Amino acid sequence: MRFYDALQLGPEILKKKIKEEEFPPKRRMLYLAMITRALLIVILATALIGPVGPVFGPENSCMAVVIFCLILGIHFVDFGYCMSDSLIFLGVSFLILLICPILASSSGPIAAGLIHFISVFLLMAISSDRPEMGNGGLFSFAYILMVGNAVHGELFYKRAVLALIGYILCSFIYYKSHKNKNKGVRFFHLAAKFDLSSAKCRWQLQMALGVSLLFALGSTLNIERMMWAGFACASMLGCYMGNITLKVRERFFQRIFGVILGSAIFYVVFKSLPAKFHFILGPLGGIFLGLCTEYKYKTAMNCLGALMLATSVYGLEYSVLLRILNNFLGAAFGFVFTLIYEKLINQRFESK
């Protein structure tokens, strides 16, 4: 395996190959590839996201985050249908991410919940013909992030321009990566096969129902930083195939462990470091995230960047408290919802 090929692999695969490799120079090359990959992702993210604030406004940096994550994701995973339809519905996805969170933010809890349901369901239908490949988690993350950062007025028009640039970039990468795939498959062929006897279709519906109900609850209770609960909830809902009850139970406890660990690490390091060095916490979290393979440690490392942003708004102590409580709320809601959905929907339609 060449060094470049190793850079294309995730940390889970690289660590597995390192354990299996007996030739020391090859093991060192794999270690170097894993570290280099983590560094490159942070450097590229900084290069793409950093200039967005001064040009489009700091409030629109979230769209740059979405674009960066989509670029990384769609380079490896296609939508499962032909190129022309894929590029059209990639555009539809960007429109949903751009418009629907803003519509929901201007609506009451019931109307907002309906908007969230339709939006998430469409994103799942567009992107997740094979849920096990991870596109569902990617697009649900993008939507929840945009819900938590809705803008209006001039900032919206700037975000629209940024979304157009992102769509062009993503379309180019998608075309280069998948131009010879799924030539005879149209999107509407897949959409016409929607049936609750299909595990994929039940999962798509579960994601849309769970996320929309959580946001309706958050809107009713006026919970701050609700997107953190949304991320935790979507993570629970993302469990697919196999023993769902066991998977979601394990993920729930790993999520809670991870968010407490990550919040504690951030609190101690933030308090210990001089203020002029606080800025390194976000990039450090990104680098360590790129080296983690276990969900609980990924959750912990995600806390560093998230809390670094939140402290400027809420202060240190309240940010840490909010991070833990919202994650517990979202994870608990997703856990309970998944168990109920498994009992009422999955088991009922699996037997047919």
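Let's start at L39, which is partly exposed, with a relative accessible area of 37%; buried means under 20%, exposed over 50%, and partly exposed in between, using a 1.4 Å probe and protein chains only. L39 sits in helix α3, residues 24-49, where helices are DSSP runs of H or I of at least four residues and strands are E runs of at least two, numbered from the N terminus. Together with I35, L40, I43 and L44, L39 makes a nonpolar surface patch of about 440 Å². The model is predicted, so local features need pLDDT of at least 70 and side-chain atom pairs pLDDT 80 or more, while totals for chains, interfaces and linings use all residues. Residues are numbered from 1 along each chain as its sequence is written, and side-chain values use heavy atoms, leaving out hydrogens and water.

Stepping back to the whole chain, you will find 16 helices and zero strands. Buried residues account for 45% of the 352 residues.

Now for the aromatic rings. Rings of Phe, Tyr and Trp (its six-membered ring) pair if their centres lie within 6.5 Å, with planes under 30 degrees apart counted as stacked, over 60 as edge-to-face and the rest as tilted. The count comes to 21 aromatic pairs. In one of them, the ring centres of F79 and F139 are 6.0 Å apart and the planes stand at 70°, so the pair is edge-to-face. F79 belongs to the loop between α5 (61-74) and α6 (83-105) and F139 to helix α8 (residues 135-147), so this pair ties together parts 60 residues apart in sequence. F79 is buried at 1% relative accessibility, and F139 is buried at 0%.

A salt bridge is a side-chain nitrogen of Lys or Arg within 4 Å of a carboxyl oxygen of Asp or Glu, and the count comes to ten. D85 and R186 meet in one of these, at 2.8 Å from N to O. This pair links distant parts of the chain, with D85 in helix α6 and R186 in the loop between α9 (154-178) and α10 (187-191), 101 residues apart.

For a local contrast, look at E154 and K158, whose closest N and O atoms are 3.8 Å apart in a salt bridge. These residues are four apart in helix α9, so they are separated by about one helical turn.

Terms used:
Patch = residues over 30% accessible without salt bridge, like charges linked within 9 Å, V, L, I, M, F, W, Y side chains within 5 Å. Areas by Shrake-Rupley, 256 points an atom, 1.4 Å probe, with all protein chains shown as cover.
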